[in-house]
Amino acid sequence: MNSIVKNGIAILLGAIPMYGFAQGECKFDTPHALQRYLKPSGRTTPMIMAHQGGTEDGFPGNSLATFERTYKQVPCVLLEFDVRMTADSLLVISHDNELETRTNGKGLLNKKKWKEVSKLKLKDSQGTITEHGMPTLQHVLDWSKDKNLILIVDKKPETSLPKTIEMLKATGNANKSVLICYSLAEAKQAHQLAPDLMLAVGFNSNDHIEAVTKSGLPMEKLVALTPRDLQDKPFYDKIHNLNVVSSFGTNGNIDTLQASASRPLYQKLWESGGPDIICTDNPVLVQSIFYKKE
């Protein structure tokens, strides 16, 4: 059994809910609306982050069809996607640089021009080639600009930071976006370029939490990306005391189990009083656990 599952069972069995919840309106017209929404207090159900938009039921990750399906079924979803750059400097949506991993292509994405990449088809989570192609960042931002959702933008380290931020601003998506940063130095650069933009950074240990607090970054603009193994509750309390919301990834762990086994583990994860956001490949399933239709 995976360590996250074993540790989750051990830590979560005696846990109790931490928060009440008032979701508020999922509409982010001003820089501060998203900042107010992404706070840890006042919730009785988790926020759901769709990793790669979700990879359930034969839908490939990082495709517009997947994004549309998840958006329709998971209200106010935190839609996570990956941004990379082609050889001709076009920003596209792809988790991997190696094309063979998730498409019917071969070679490296950053060595191919868009004319060639645009002809490829995406694979689903089982490796089956689908009818869906790789979207550009422009495609996604045009699709999302009038929708009530939150964009979690995983700009890979080799991808242009200024260009990514400029596109978020130019398409009217900056107010609903959180930019994932791979270092505090990158987060500081992003904050200089876009002071109102929300940023997600790693809170991987108590020492790292201290480093973040001393970095000069405004805590009200941050989302904490926490370790893949569930931590003791005081670790999350320390983050919450900074009024920072925390995210926990179940992709590759709980997500890989059958629904009958994973459902109680998602519930117990939330009841631990630790993570505020569940980042999952199965957003529709997780939605069905915590948000019952009337």
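Student: Which helix does Ser 262 lie in?

Tutor: Happy to start there, and please keep in mind that this is a predicted model. The helix in question covers residues 259–271. Ser 262 therefore falls within its span, and the helix is H11.

Student: Is Ser 262 buried or exposed?

Tutor: Let's look at its neighbours and then its accessibility. Ser 262 touches Ile 254, Leu 257 and Leu 285, leaving aside residues up to four places away in sequence. Its relative accessibility is 1%, and buried means under 20%, so Ser 262 counts as buried.

Student: How many of the eight residues of helix H12 are buried?

Tutor: Helix H12 runs over residues 283–290 and is mostly covered. Its buried residues are Pro 283, Val 284, Leu 285, Val 286, Gln 287, Ile 289 and Phe 290. What covers them includes strand S1 (47–50), helix H3 (64–73), H11 and strand S9 (277–280). The count of buried residues in H12 is seven.

Student: Which element gives the largest share of the largest nonpolar core?

Tutor: That core has 54 residues, and Phe 81, Leu 179, Leu 199, Phe 203 and Leu 222 touch the most other members. The largest share of this core is five residues, and the element they come from is H12.

Student: How many residues are in the second, separate core?

Tutor: Good follow-up! Among the members of this second core are Cys 26, Leu 38, Leu 78 and Ala 200. The core is separate, and its size is 20 residues.

Student: What is the bridge partner of Ala 224 in S8?

Tutor: S7 pairs with strand S8 (residues 245–249) in the parallel sense, over three bridges. Together with helix H10 (residues 233–240), S7 and S8 make a right-handed β-α-β unit. Within S8, the partner of Ala 224 is Ser 246.

Student: How far apart are the sulfur atoms of Cys 26 and Cys 76?

Tutor: A disulfide is a covalent bond between the sulfur atoms of two cysteines. Cys 26 and Cys 76 form one, and the link is right-handed, with 85 degrees about the S-S bond. Their sulfur atoms lie apart by 2.1 Å.

Student: How many residues apart in sequence are the parts that this pair ties together?

Tutor: Cys 26 lies in the loop between helix H1 (3–12) and helix H2 (31–37). Cys 76 lies in the loop between H3 and strand S2 (78–85). The pair therefore ties together parts whose separation in sequence is 50 residues.

Student: Which cysteine has the sulfur nearest to that of Cys 181?

Tutor: Cys 181 counts as buried, at 5% relative accessibility, and is in no disulfide.

Terms used:
Residues are numbered from 1 along each chain as its sequence is written. This is a predicted model: local features need pLDDT of at least 70, side-chain atom pairs count only at pLDDT 80 or more; totals for chains, interfaces and linings use all residues. Side-chain values use heavy atoms; hydrogens and water are left out. Helices (H or I, at least four residues) and strands (E, at least two) are DSSP runs, numbered from the N terminus. Buried means under 20% relative accessible area, exposed over 50%, partly exposed in between (1.4 Å probe, protein chains only). Contact means heavy atoms within 4.5 Å. A nonpolar core is a set of buried Ala, Val, Leu, Ile, Met, Phe, Trp, Tyr and Cys residues joined through side-chain atoms within 4.5 Å. Two strands pair if DSSP finds at least two bridges between them. A crossover is right-handed if, with the strands pointing away from the viewer, the path from the first strand over the helix to the second runs clockwise. A disulfide is a pair of cysteine sulfur atoms within 2.5 Å.
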